[in-house]
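Please take a moment with the sequence and the 3D structure shown here before reading on. The paragraphs that follow lead through the ligand, its surroundings and the confidence of the model.

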Amino acid sequence: MTDAFAAQPEGNEPYAFEEAALPALRLPGRVHVSANKYDAYDALMADLLIHAAQCVRQFGDFHLALSGGSTPMPFYEQLMTDPRARGFPWARTHLWMVDERCVPFDHEKSNWRQIGEILVEASDIPKNQVHPMQAYLPDADTRYEQELREALGWRERGHDRLDFVLLGMGDEGHTASLFPHSVAQDAKDRLVVFNRGSTVVPPDRLTMTYELLNASRFIAPLVLGANKAAMLARIAKKADDFHEIPILGISPLAGELKWFIDQDASAST
Ligand code: 6PG
């Protein structure tokens, strides 16, 4: 049994999850390759449940930051419907956004429009623990930084960081809204910044910075499908820098990086 685990979310019966081992790509951090996207969702869900339960036990709350894009939406749906996830501590969870497009929440390109609909309306997460990015406001960057500092400030120093960050990856290697050769990649002493410019896929974006992301306890890029395979193969060659391939800038200082990918995405090596 490889990478198998049994989790016992609070108030639930334990469950076991098993998955056959598949050859892993040589990406920075740990790599979990699943036979298909459904197994990848299961593997990610099991880690998420374990981390959530541990953080609630240790700190009394759990700070979760989620990405938009199309890849994680079915995973978010699963989190709401899968009986194995019924012990998820929503009541103790703070829900943050990794990035957002500078549009109102009801815009078709708003990440929050989808995530809020799937996760917030169907869970018992208290409204004051839900932190959408109001990216359409001119001072959204400093507002969100302030919100993060206030919410995480309750934690003991050293533990005042995001607990679990779910990332995606674009075909050209962007992650969050950190696009190749874009200004946000060089932000210093900032947690959240706007990003715009020729490589930023419109509309303009608000994004967590490397500094904030890399301080997190656990970072989980979920990368699925054959159209991501060429970029993963390029990352595995380690010949580029993070300005060219932004996800290479993800390197947790004292946390863990674990990729969740499927066989199609790992196919070109
Ligand atoms: C977003 C994301 C972004 C996304 C990638 C991958 O808001 O779009 O946070 O970084 O994860 O673009 O997107 P797909 O999952 O649609 O391929």
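In the classes used here, Asp, Glu, Lys and Arg count as charged, Ala, Val, Leu, Ile, Met, Phe, Trp, Tyr, Cys and Pro as nonpolar, and the others, Gly among them, as polar. By these classes, the shell around the ligand in this predicted model holds 10 polar, 4 charged and 2 nonpolar residues. Of the 16 residues that surround the ligand, the closest are Ser70, Thr71, Arg101, His174 and Ala176, and the space that the ligand takes is the largest pocket.

Taken alone, the ligand exposes 420 Å², of which the protein buries 88%.

As for confidence, the protein averages a pLDDT of 91, and 91% of the residues score at least 70. Over residues 1-14, however, the pLDDT is below 50, although this stretch has 31 contacts in the model beyond near neighbours in sequence. Where pLDDT is low, the predicted coordinates should not be read in detail.

Technical notes:
Residues numbered from 1 in each chain as written. Predicted model: local features only at pLDDT ≥ 70, side-chain atom pairs only at ≥ 80, totals over all residues. Heavy atoms only, no water. Near = heavy atom within 4 Å. Areas by Shrake-Rupley, 256 points an atom, 1.4 Å probe, with all protein chains shown as cover. 1 Å grid on protein atoms, 1.4 Å probe; cavity = no way out; pocket = protein on both sides within 12 Å on 5 of 7 lines; lining within 4 Å. Sits in = over half its atoms within 2 Å of the grid points. pLDDT = per-residue confidence, 0-100. Contact = heavy atoms within 4.5 Å.
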